[in-house]
Amino acid sequence: MMGLLTNLRDSISRVTDRLFASEEPKRIGIYGPPNAGKTTLANRIARDWTGDAIGPESHVPHETRRARRKEDVSIERNGKSVSIDIVDTPGVTTKVDYKEFLDHDMEKDDAIRRSREATEGVAEAMHWLREDVDGVIYVLDSSTDPFTQVNTMLIGIIESRELPVLIFANKTDLEDSDVQRVADAFPDHETVPLSALEGNNMDEVYDKIAEYFG
Amino acid sequence: MPETTNSDNGVQIDLISGSRMAGLRSMEKIRLILDGVREGNIVILEEGLSPDEESKLIEVTMTEISPDDFSGIEIESYPRAETADQSFLDKLMGRESTKKLTVIGPANQIETLHKDEQLISALVSRK
(Lines give C-alpha, C1' and ligand atoms only; values in the text may rest on other atoms or scores of the structure.)
Protein backbone atom coordinates (compact mmCIF):
# COMPACT_ATOMS: atom_id res chain seq x y z
CA MET A 1 0.00 0.00 0.00
CA MET A 2 2.76 2.43 1.01
CA GLY A 3 4.72 1.43 -2.06
CA LEU A 4 1.73 2.13 -4.27
CA LEU A 5 1.23 5.54 -2.69
CA THR A 6 4.88 6.38 -3.08
CA ASN A 7 4.76 5.35 -6.72
CA LEU A 8 1.66 7.42 -7.28
CA ARG A 9 3.20 10.42 -5.56
CA ASP A 10 6.40 10.04 -7.56
CA SER A 11 4.58 9.86 -10.85
CA ILE A 12 2.43 12.86 -9.98
CA SER A 13 5.47 14.90 -9.04
CA ARG A 14 7.18 13.79 -12.27
CA VAL A 15 4.21 15.01 -14.27
CA THR A 16 4.02 18.32 -12.43
CA ASP A 17 7.80 18.77 -12.68
CA ARG A 18 7.60 18.30 -16.43
CA LEU A 19 4.59 20.54 -16.68
CA PHE A 20 6.27 23.39 -14.87
CA ALA A 21 9.62 22.79 -16.51
CA SER A 22 8.17 23.14 -19.99
CA GLU A 23 5.53 25.77 -19.22
CA GLU A 24 7.76 28.13 -17.29
CA PRO A 25 9.55 30.37 -19.83
CA LYS A 26 13.33 30.43 -19.50
CA ARG A 27 14.65 33.78 -18.40
CA ILE A 28 17.34 34.81 -20.86
CA GLY A 29 19.66 37.67 -19.92
CA ILE A 30 21.13 39.81 -22.69
CA TYR A 31 24.59 40.74 -21.46
CA GLY A 32 27.65 42.47 -22.84
CA PRO A 33 29.74 45.62 -22.62
CA PRO A 34 28.16 49.08 -23.11
CA ASN A 35 27.21 49.98 -26.73
CA ALA A 36 27.29 46.41 -28.02
CA GLY A 37 23.69 46.74 -29.25
CA LYS A 38 21.92 44.80 -26.50
CA THR A 39 18.80 46.95 -26.48
CA THR A 40 18.67 47.06 -30.28
CA LEU A 41 18.70 43.25 -30.24
CA ALA A 42 16.14 43.03 -27.41
CA ASN A 43 13.85 45.41 -29.30
CA ARG A 44 14.32 43.49 -32.55
CA ILE A 45 13.35 40.19 -30.87
CA ALA A 46 10.43 41.77 -28.98
CA ARG A 47 9.11 43.56 -32.09
CA ASP A 48 9.42 40.45 -34.26
CA TRP A 49 7.44 38.26 -31.86
CA THR A 50 5.26 40.54 -29.72
CA GLY A 51 4.91 43.71 -31.76
CA ASP A 52 6.33 46.13 -29.20
CA ALA A 53 9.73 47.25 -28.00
CA ILE A 54 11.57 46.96 -24.70
CA GLY A 55 13.40 50.26 -24.32
CA PRO A 56 15.08 53.25 -26.00
CA GLU A 57 18.29 52.73 -28.01
CA SER A 58 21.10 55.25 -28.19
CA HIS A 59 24.73 55.79 -29.16
CA VAL A 60 25.45 57.33 -25.76
CA PRO A 61 26.87 54.62 -23.48
CA HIS A 62 24.69 53.48 -20.57
CA GLU A 63 21.37 54.34 -22.21
CA THR A 64 19.99 51.26 -20.43
CA ARG A 65 20.43 51.78 -16.71
CA ARG A 66 17.84 49.34 -15.40
CA ALA A 67 17.34 45.71 -16.32
CA ARG A 68 14.22 45.67 -18.51
CA ARG A 69 12.05 42.62 -18.99
CA LYS A 70 9.77 41.40 -21.69
CA GLU A 71 7.91 38.35 -20.53
CA ASP A 72 6.58 35.38 -22.44
CA VAL A 73 8.05 36.08 -25.84
CA SER A 74 6.98 33.11 -27.98
CA ILE A 75 9.34 32.29 -30.80
CA GLU A 76 8.01 29.93 -33.48
CA ARG A 77 10.56 27.51 -34.91
CA ASN A 78 9.89 24.45 -37.04
CA GLY A 79 6.27 24.22 -35.96
CA LYS A 80 7.19 24.45 -32.29
CA SER A 81 6.86 27.41 -29.99
CA VAL A 82 9.63 28.39 -27.58
CA SER A 83 8.72 30.77 -24.81
CA ILE A 84 11.34 32.99 -23.16
CA ASP A 85 11.47 36.00 -20.85
CA ILE A 86 13.98 38.52 -22.16
CA VAL A 87 16.01 40.55 -19.68
CA ASP A 88 17.84 43.45 -21.33
CA THR A 89 20.63 44.45 -18.95
CA PRO A 90 22.83 47.55 -18.62
CA GLY A 91 26.27 47.20 -20.22
CA VAL A 92 28.83 45.86 -17.77
CA THR A 93 31.98 47.82 -17.01
CA THR A 94 34.39 48.26 -14.10
CA LYS A 95 34.47 52.05 -14.35
CA VAL A 96 32.08 54.93 -14.93
CA ASP A 97 33.30 58.51 -15.17
CA TYR A 98 30.59 61.14 -15.52
CA LYS A 99 33.02 63.35 -17.46
CA GLU A 100 32.67 61.01 -20.45
CA PHE A 101 29.01 61.99 -20.73
CA LEU A 102 29.96 65.66 -20.93
CA ASP A 103 31.31 64.86 -24.41
CA HIS A 104 27.78 63.89 -25.42
CA ASP A 105 26.41 67.40 -24.91
CA MET A 106 25.16 66.80 -21.41
CA GLU A 107 25.05 69.24 -18.51
CA LYS A 108 27.18 68.32 -15.49
CA ASP A 109 24.17 67.58 -13.26
CA ASP A 110 22.66 65.30 -15.91
CA ALA A 111 26.00 63.58 -16.49
CA ILE A 112 26.43 62.92 -12.76
CA ARG A 113 22.88 61.58 -12.46
CA ARG A 114 23.39 59.38 -15.52
CA SER A 115 26.64 57.99 -14.14
CA ARG A 116 25.03 57.23 -10.78
CA GLU A 117 22.16 55.43 -12.49
CA ALA A 118 24.66 53.59 -14.68
CA THR A 119 26.60 52.28 -11.67
CA GLU A 120 23.38 51.11 -10.04
CA GLY A 121 22.41 49.44 -13.30
CA VAL A 122 25.68 47.54 -13.61
CA ALA A 123 25.37 46.34 -10.00
CA GLU A 124 21.82 45.21 -10.76
CA ALA A 125 22.98 43.38 -13.91
CA MET A 126 25.61 41.49 -11.91
CA HIS A 127 23.00 40.55 -9.37
CA TRP A 128 20.66 39.20 -12.06
CA LEU A 129 23.51 37.15 -13.46
CA ARG A 130 24.26 35.53 -10.11
CA GLU A 131 20.66 34.90 -9.11
CA ASP A 132 17.99 35.22 -11.71
CA VAL A 133 18.78 34.14 -15.27
CA ASP A 134 18.55 30.67 -16.85
CA GLY A 135 20.62 31.43 -19.92
CA VAL A 136 22.67 34.21 -21.47
CA ILE A 137 22.93 35.87 -24.86
CA TYR A 138 26.31 37.62 -24.81
CA VAL A 139 26.33 40.49 -27.29
CA LEU A 140 29.53 41.96 -28.70
CA ASP A 141 30.21 44.72 -31.20
CA SER A 142 32.09 42.65 -33.80
CA SER A 143 33.90 45.75 -35.05
CA THR A 144 35.78 46.09 -31.73
CA ASP A 145 38.39 43.97 -29.96
CA PRO A 146 36.57 41.15 -28.12
CA PHE A 147 39.63 40.36 -26.01
CA THR A 148 38.78 42.65 -23.08
CA GLN A 149 38.87 42.03 -19.36
CA VAL A 150 35.14 42.63 -18.92
CA ASN A 151 34.33 40.05 -21.60
CA THR A 152 36.79 37.53 -20.15
CA MET A 153 35.42 38.01 -16.63
CA LEU A 154 31.76 37.86 -17.62
CA ILE A 155 32.16 34.77 -19.78
CA GLY A 156 34.08 33.22 -16.83
CA ILE A 157 31.24 34.08 -14.45
CA ILE A 158 28.64 32.67 -16.87
CA GLU A 159 30.68 29.46 -17.32
CA SER A 160 31.16 29.02 -13.58
CA ARG A 161 27.39 29.18 -13.13
CA GLU A 162 27.03 26.60 -15.92
CA LEU A 163 24.48 28.74 -17.76
CA PRO A 164 23.88 28.02 -21.45
CA VAL A 165 25.40 30.87 -23.45
CA LEU A 166 25.35 32.05 -27.05
CA ILE A 167 27.81 34.66 -28.29
CA PHE A 168 26.23 37.16 -30.70
CA ALA A 169 28.72 38.97 -32.93
CA ASN A 170 26.59 42.04 -33.58
CA LYS A 171 27.01 44.99 -35.98
CA THR A 172 28.02 42.89 -38.99
CA ASP A 173 26.77 45.83 -41.08
CA LEU A 174 29.84 47.83 -40.02
CA GLU A 175 32.87 47.84 -42.31
CA ASP A 176 35.29 46.88 -39.50
CA SER A 177 33.17 43.92 -38.39
CA ASP A 178 35.28 40.80 -37.83
CA VAL A 179 33.15 37.82 -36.81
CA GLN A 180 36.08 35.39 -36.89
CA ARG A 181 37.94 37.46 -34.28
CA VAL A 182 34.96 37.08 -31.94
CA ALA A 183 34.73 33.33 -32.61
CA ASP A 184 38.48 32.96 -31.95
CA ALA A 185 38.21 34.84 -28.64
CA PHE A 186 35.58 32.42 -27.29
CA PRO A 187 36.34 29.07 -28.92
CA ASP A 188 34.32 27.12 -26.33
CA HIS A 189 31.06 28.78 -27.35
CA GLU A 190 28.96 29.12 -30.45
CA THR A 191 29.20 32.49 -32.17
CA VAL A 192 26.28 33.77 -34.25
CA PRO A 193 26.86 36.77 -36.55
CA LEU A 194 24.07 39.32 -36.93
CA SER A 195 23.11 42.92 -37.37
CA ALA A 196 20.32 43.64 -34.92
CA LEU A 197 19.99 47.12 -36.41
CA GLU A 198 19.55 45.92 -40.01
CA GLY A 199 17.86 42.65 -39.07
CA ASN A 200 20.50 40.56 -40.84
CA ASN A 201 20.77 36.82 -40.15
CA MET A 202 17.83 36.86 -37.72
CA ASP A 203 16.65 33.43 -38.93
CA GLU A 204 19.81 31.81 -37.58
CA VAL A 205 19.51 33.92 -34.42
CA TYR A 206 16.03 32.51 -33.73
CA ASP A 207 17.07 28.97 -34.67
CA LYS A 208 19.90 29.14 -32.15
CA ILE A 209 17.75 30.72 -29.42
CA ALA A 210 15.23 27.88 -29.83
CA GLU A 211 18.00 25.29 -29.86
CA TYR A 212 19.82 26.62 -26.77
CA PHE A 213 17.01 27.94 -24.61
CA GLY A 214 13.92 26.05 -25.73
CA MET B 1 48.11 46.16 5.19
CA PRO B 2 51.12 47.80 6.85
CA GLU B 3 50.89 51.57 7.06
CA THR B 4 52.99 53.21 4.38
CA THR B 5 53.69 56.78 3.54
CA ASN B 6 52.15 57.18 0.13
CA SER B 7 54.45 59.98 -0.88
CA ASP B 8 53.50 62.51 -3.51
CA ASN B 9 56.03 61.31 -6.01
CA GLY B 10 55.43 57.60 -6.14
CA VAL B 11 52.90 54.88 -6.75
CA GLN B 12 52.54 52.13 -4.18
CA ILE B 13 52.33 48.58 -5.47
CA ASP B 14 50.99 45.80 -3.23
CA LEU B 15 51.75 42.26 -4.29
CA ILE B 16 49.39 39.99 -2.39
CA SER B 17 50.32 36.33 -2.16
CA GLY B 18 47.94 33.52 -2.85
CA SER B 19 48.32 32.22 0.69
CA ARG B 20 47.39 35.61 2.16
CA MET B 21 44.20 35.64 0.08
CA ALA B 22 43.40 32.00 0.79
CA GLY B 23 42.77 32.84 4.45
CA LEU B 24 40.19 35.50 3.64
CA ARG B 25 36.45 35.43 2.97
CA SER B 26 35.21 36.80 -0.37
CA MET B 27 34.13 40.15 1.05
CA GLU B 28 37.40 40.49 2.98
CA LYS B 29 39.32 40.00 -0.26
CA ILE B 30 37.20 42.58 -2.06
CA ARG B 31 37.61 45.04 0.82
CA LEU B 32 41.38 44.51 0.84
CA ILE B 33 41.55 45.20 -2.90
CA LEU B 34 39.24 48.20 -2.97
CA ASP B 35 40.73 49.84 0.13
CA GLY B 36 44.14 49.66 -1.52
CA VAL B 37 42.91 50.87 -4.90
CA ARG B 38 40.97 53.76 -3.39
CA GLU B 39 44.18 54.96 -1.75
CA GLY B 40 45.70 55.08 -5.20
CA ASN B 41 47.67 51.84 -4.96
CA ILE B 42 48.19 49.20 -7.61
CA VAL B 43 47.18 45.81 -6.24
CA ILE B 44 48.66 42.69 -7.77
CA LEU B 45 47.15 39.34 -6.81
CA GLU B 46 49.35 36.32 -7.23
CA GLU B 47 46.38 34.02 -7.76
CA GLY B 48 43.47 36.22 -8.75
CA LEU B 49 39.82 35.86 -7.77
CA SER B 50 37.15 33.26 -8.46
CA PRO B 51 34.44 34.16 -11.03
CA ASP B 52 31.96 34.71 -8.23
CA GLU B 53 34.36 37.04 -6.42
CA GLU B 54 35.01 38.92 -9.65
CA SER B 55 31.30 39.50 -10.09
CA LYS B 56 31.04 40.78 -6.51
CA LEU B 57 34.09 42.99 -7.04
CA ILE B 58 32.34 44.63 -10.01
CA GLU B 59 29.15 45.04 -7.98
CA VAL B 60 30.86 46.58 -4.93
CA THR B 61 33.03 48.80 -7.13
CA MET B 62 29.87 50.17 -8.74
CA THR B 63 28.34 51.06 -5.38
CA GLU B 64 31.48 53.00 -4.41
CA ILE B 65 31.91 55.13 -7.53
CA SER B 66 31.34 58.79 -6.77
CA PRO B 67 31.86 61.88 -8.95
CA ASP B 68 35.29 63.53 -8.75
CA ASP B 69 36.39 61.02 -6.10
CA PHE B 70 36.41 57.45 -7.41
CA SER B 71 35.60 56.46 -10.99
CA GLY B 72 36.10 52.73 -10.64
CA ILE B 73 38.82 50.20 -11.30
CA GLU B 74 40.93 48.90 -14.11
CA ILE B 75 41.51 45.17 -13.82
CA GLU B 76 43.57 42.90 -16.01
CA SER B 77 44.39 39.23 -15.80
CA TYR B 78 45.30 36.44 -18.14
CA PRO B 79 42.35 34.48 -19.43
CA ARG B 80 41.43 31.68 -17.08
CA ALA B 81 43.10 28.41 -17.94
CA GLU B 82 40.69 26.26 -19.92
CA THR B 83 38.60 24.00 -17.72
CA ALA B 84 39.99 21.01 -19.64
CA ASP B 85 42.88 20.73 -17.20
CA GLN B 86 40.46 20.64 -14.30
CA SER B 87 39.64 17.18 -13.00
CA PHE B 88 36.10 15.96 -12.51
CA LEU B 89 36.77 15.73 -8.77
CA ASP B 90 37.87 19.36 -8.67
CA LYS B 91 34.64 20.36 -10.36
CA LEU B 92 32.64 18.18 -8.01
CA MET B 93 34.32 19.72 -4.98
CA GLY B 94 33.81 23.20 -6.37
CA ARG B 95 37.54 23.73 -6.64
CA GLU B 96 38.14 26.15 -9.44
CA SER B 97 41.48 26.67 -11.02
CA THR B 98 41.75 30.42 -10.60
CA LYS B 99 45.49 30.82 -10.37
CA LYS B 100 46.07 33.75 -12.61
CA LEU B 101 48.04 36.88 -11.93
CA THR B 102 45.66 39.83 -11.66
CA VAL B 103 46.44 43.55 -11.65
CA ILE B 104 43.92 46.02 -10.23
CA GLY B 105 44.26 49.79 -10.00
CA PRO B 106 42.28 53.02 -9.95
CA ALA B 107 40.67 53.57 -13.37
CA ASN B 108 42.04 57.11 -13.57
CA GLN B 109 45.63 56.02 -12.89
CA ILE B 110 46.16 52.82 -14.80
CA GLU B 111 45.76 52.28 -18.49
CA THR B 112 46.19 48.99 -20.30
CA LEU B 113 48.46 49.44 -23.28
CA HIS B 114 48.51 45.92 -24.55
CA LYS B 115 47.11 42.59 -23.57
CA ASP B 116 47.32 39.09 -24.99
CA GLU B 117 47.47 35.58 -23.58
CA GLN B 118 51.05 35.98 -22.40
CA LEU B 119 51.66 39.66 -21.80
CA ILE B 120 49.85 42.50 -20.06
CA SER B 121 51.42 45.91 -20.48
CA ALA B 122 50.05 48.80 -18.44
CA LEU B 123 50.85 52.45 -17.93
CA VAL B 124 50.56 53.68 -14.36
CA SER B 125 50.41 57.38 -13.61
CA ARG B 126 50.45 59.38 -10.40
CA LYS B 127 47.19 60.86 -9.16
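In this predicted model, helix α2 (residues 26-38) of chain B packs on α3(B) at an angle of about 50°, and the two axes lie 10 Å apart. The crossing of α2(B) past α3(B) is right-handed. On the α2(B) side, the residues that do the touching are B:Ser26, B:Lys29, B:Ile30, B:Ile33 and B:Leu34, and they meet B:Glu53, B:Lys56, B:Leu57, B:Val60, B:Thr61 and B:Glu64 of α3(B). Sorted by class, this contact has 5 nonpolar, 2 polar and 4 charged residues.

Some background on the chain that holds this pair: chain B has 4 helices and 6 strands, and going along the sequence they come in the order β-α-α-β-α-β-α-β-β-β. Out of the 127 residues in chain B, 29% are buried. If one takes the contacts in chain B between residues at least 6 apart in sequence, 68% of them join residues at least 24 apart.

Helix α3(B) also has a partner in the other chain. From α4(A), the residues involved are A:Thr119, A:Val122, A:Ala123, A:Met126, A:His127, A:Leu129 and A:Arg130; across from them in α3(B) are B:Ser55, B:Ile58, B:Glu59, B:Met62 and B:Thr63. The class tally for this contact of α4(A) with α3(B) is 6 nonpolar, 4 polar and 2 charged residues.

Zooming out to the whole contact between the chains, chain A puts in 22 residues and chain B 23. On the chain A side, the elements that give two or more residues are α4 and α5 (149-160). Helix α4(A) supplies the largest share of that side, with 9 residues. By class, the side of chain A that touches chain B comes out at 11 nonpolar, 8 polar and 3 charged residues.

Next, the nonpolar core. The largest one has 63 residues, and the members that touch the most others are A:Ile86, A:Tyr138, A:Ile167 and A:Phe168. Leaving aside residues up to four places away in sequence, A:Phe168 touches A:Leu41, A:Ile137, A:Tyr138, A:Val139, A:Leu140, A:Val192 and A:Leu194.

Finally, a look at the backbone. Most residues other than glycine have a negative phi. Two asparagines in chain A are worth a look on this score. A:Asn78, not a glycine, has a positive phi of about 50°. It sits in the loop between β2 (68-77) and β3 (80-88) of chain A. A:Asn78 has 7 C-beta neighbours inside 10 Å and therefore counts as exposed, the cut-off for that being 12 or fewer. For A:Asn201, phi is also positive, near 65°. The loop that holds A:Asn201 runs between β6 (191-193) and α7 (202-213) of chain A. Because A:Asn201 has 16 C-beta neighbours inside 10 Å, it counts as partly exposed.

Conventions. Residues numbered from 1 in each chain as written. Chains lettered and ligands numbered in written order. Predicted model: local features only at pLDDT ≥ 70, side-chain atom pairs only at ≥ 80, totals over all residues. Contact = placed C-beta atoms within 7 Å. Nonpolar A, V, L, I, M, F, W, Y, C, P; charged D, E, K, R; others polar. Core = buried A, V, L, I, M, F, W, Y, C linked by C-beta atoms within 7 Å. Buried ≥ 20, exposed ≤ 12 C-beta atoms within 10 Å, placed from the backbone. Axes fitted to C-alpha atoms, helices over the stretch in contact; angles between N-to-C directions. Left-handed = near helix turned anticlockwise from the far one by under 90°.
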